[in-house]
Amino acid sequence: MHSFLKKTLSLSLALSLLAGAASAATLTGLETETVERSWESSLFFPRMEALTGVSMEAHAVSDETQYAAMLDAMAQGDIPADVLFKANLTRVQEQALLNGGALIDLAPLIEANMPNLSALLAAHPDWKAAICLEDGRIASLPLLNTTERQVCVWINAKWLSALNLSAPTSVEELTDVLLAFKTGDPNGNYKQDEIAADLIGVYEMRWLLPYFGIVADDSNLARQADGSLVFAPELPAYRDFISTLRDWVEKGILTKDAFTAMHSTAALSSSSDDEDAAVTSGLLVTMTPYTHVPSSAVTDYEALLMPDASGATRWRDLLGDVWTGCFAVTSSCEDPAAALRWVDALYGEEGALLAYAGIEGEDYAWNADGTWSFKVTNSRTINDIRANVLMYTGAAMPGLYPGDFIAKVASPVDQHVFEQNERVHAVSEQVVPAHALNAADQQRANELTAVLGGLVDKGIARFATGEVELNDETYAAWLAELKDAGSDELAALYGGIR
């Protein structure tokens, strides 16, 4: 099938050139790939033209501030292109641009022009609900990803083995394991350089909450057994979580600096690129360990899933299956149907493979064992392929993530990470589905989330470091402060969404 795709693309492109292609639609969007990628010279867009018969004149914006300014200008009527690809639109931006006339409503056009997406939405009504605004309009199209990587707590299983320890199954056992990591020289270099819990910032620490029976989102909301939403710090187990952090600080498992410091991108890159560097991390919070440790050490880490006090194992799904805001058509577009036919290819196998792997035989090849590999040579590195062929890295693009294909990549490191992520994904849930609030409610929710988020992080840090004693009186005062700042209002805003 993939060889057929290659021949079809070549024939389609030849016919297009012979017939004289119609004038190209203009396309822009946000490109955050760290490997320099030029949309003007990328093979992706001419290959998509060969596949769909629709030509796109593509120009990327690589500066996020500049891109935000461009979206602001669109709201004032300055429309830079026919199509926004890798649009990176928030729900508030979607509604503002749609209401202001900069974007068009895609809902009436999808069924007639997008057979691939239409079939997916028919099979998954919840996906359609997620991309629709409250009134049924659709401002943008999504990335659909049922196997997205999860944020996990990763424990160094090699260290467990070195110290003859079993994987912890409770918070108490985890504390004992981390103490052993700190003092037992599990990396075997005769130095006490081990960082038992290598957690930086309260955000990372909050991924420990499922061990206390709390699955909370970035708005600090948690859903209770009866389906109602509650502001998570109000749950009794939340205080147990903070008490554990305080205990870890007192025992030296966490340092006080961990609550105020931020990861240095340069330092992380340096440590993960140095294959000879000593591994010093016992517990990590990340999507994949190779952002923190040398690639040779990634398979030493396993996702830590522990039951809570009730015996249940639950986790928070960070993004869900539907990532909205990836593709939009502006009011300047003279042929919206053609733009939708173009993007619909990305919701099918052929288009998805163009974006995620390129063309079989040219960019990747199947191996005898059923895995596939990129065709890397001395003159064509993986970074060359990322820059000139692939399109999925960087800001999220629209389409269907080809999870089954990606899972067959010939990389033991990636295979291990995929397996661990699938374990976590199997018990993950979203607190609030990706349905939009109306514009006014969403703006208010964003305001409350920002204020309350700061108060929650500050409160956790002050209690855990001992700046404020953790007792009934101080905890009640903190909850009162959160209520005054609108915690009940925030829960009520999202309370009607199931």
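Good morning. I begin with helix α20 (residues 487-494), in which S487, L490, A491, L493 and Y494 are buried, that is, under 20% relative accessible area, with exposed meaning over 50% and partly exposed in between (1.4 Å probe, protein chains only). Helices (H or I, at least four residues) and strands (E, at least two) are DSSP runs, numbered from the N terminus. The model is a predicted one, in which local features need pLDDT of at least 70 and side-chain atom pairs count only at pLDDT 80 or more, while totals for chains, interfaces and linings use all residues. Residues are numbered from 1 along each chain as its sequence is written, and side-chain values use heavy atoms, with hydrogens and water left out.

Let us turn to α18 and α19. Two packed helices are described by the angle between their axes and the distance between the axes. For α18 and α19 the angle is about 170° and the axes are 10 Å apart; axes are lines fitted to C-alpha atoms, for helices over the stretch in contact, and angles run from 0 to 180 degrees between N-to-C directions. The two helices are therefore roughly antiparallel to each other (over 145 degrees; under 35 is roughly parallel, 65 to 115 roughly perpendicular, and the rest oblique). On the α18 side, L452, L455, V456, G459, I460 and F463 take part, and they meet T474, Y475, W478, E481 and L482 of α19. By class, the residues of this contact are eight nonpolar, two polar and one charged. Here Ala, Val, Leu, Ile, Met, Phe, Trp, Tyr, Cys and Pro count as nonpolar, Asp, Glu, Lys and Arg as charged, and the others, Gly among them, as polar.

My last topic is the aromatic rings. How many aromatic pairs does the structure hold? There are 25; rings of Phe, Tyr and Trp (its six-membered ring) pair if their centres lie within 6.5 Å, with planes under 30 degrees apart counted as stacked, over 60 as edge-to-face and the rest as tilted. W39 and F85 have ring centres 5.6 Å apart and planes at 70°, so this pair is edge-to-face. W39 is buried at 1% relative accessibility, and F85 is buried at 0%. Ring pairs also link W39, F44, F45, F85, F327 and W342 into a cluster. Thank you.

Conventions: Contact = heavy atoms within 4.5 Å.
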